[in-house]
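This report goes through a protein model, covering its fold, its surface charge and its aromatic rings.

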Amino acid sequence: MRAVDKAGKTVDFLLRAKRDVAAAKAFFRRAFASQGRLPRKITLDGYLLN
C-alpha cells in the first residue's frame, strides 16, 4: 500500500504478505500519525474489494 500527496509524491508505504483489512488499518494508522493530520480525501484502487 502506498500514500501519495497531491503532487503524486509518495508520503508513506507499507509492504505486507497479505493485503487485508488488518494491513489496511495498520497502514492508515501509521500514515495518519506520520502526517499529523487527517487527509481530505482517500482514493482506493479497489484491490481490497475483490
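In which segment does Arg40 lie? Arg40 is located in the segment after helix H1 (21-35). The model is predicted, so local features need pLDDT of at least 70 and side-chain atom pairs count only at pLDDT 80 or more, while totals for chains, interfaces and linings use all residues. Residues are numbered from 1 along each chain as its sequence is written, and side-chain values use heavy atoms, with hydrogens and water left out.

**Fold**

The protein has 1 helix and 2 strands, in the order β-β-α along the sequence. Helices (H or I, at least four residues) and strands (E, at least two) are DSSP runs, numbered from the N terminus. Of the 50 residues in the protein, 16% are buried. Buried means under 20% relative accessible area, exposed over 50%, and partly exposed in between (1.4 Å probe, protein chains only).

**Charged surface**

Lys6, Arg37, Arg40 and Lys41 form a positive surface patch. A patch takes residues with over 30% relative accessible area and no salt bridge, and like charges are joined within 9 Å. A salt bridge would need a side-chain nitrogen of Lys or Arg within 4 Å of a carboxyl oxygen of Asp or Glu. The place of a charge is taken as NZ of Lys or CZ of Arg. Arg40, a member of this patch, has a relative accessible area of 80% and therefore counts as exposed.

**Aromatic rings**

| Pair | Centre to centre | Between the planes | Class |
|---|---|---|---|
| Phe27 and Phe28 | 5.4 Å | 65° | edge-to-face |
| Phe28 and Phe32 | 5.6 Å | 35° | tilted |

Rings of Phe, Tyr and Trp (its six-membered ring) pair if their centres lie within 6.5 Å; planes under 30 degrees apart count as stacked, over 60 as edge-to-face and the rest as tilted. The ring pairs link Phe27, Phe28 and Phe32 into a cluster.

Is Phe27 buried or exposed? Phe27 counts as buried because its relative accessibility is 5%. Phe28 is partly exposed, with a relative accessible area of 25%, and Phe32 is also partly exposed, at 27% relative accessibility. Phe28 and Phe32 are 4 residues apart in helix H1, so about one helical turn separates them.

Conventions:
Patch = residues over 30% accessible without salt bridge, like charges linked within 9 Å, V, L, I, M, F, W, Y side chains within 5 Å. Areas by Shrake-Rupley, 256 points an atom, 1.4 Å probe, with all protein chains shown as cover. Lys, Arg positive; Asp, Glu negative; His and termini not counted.
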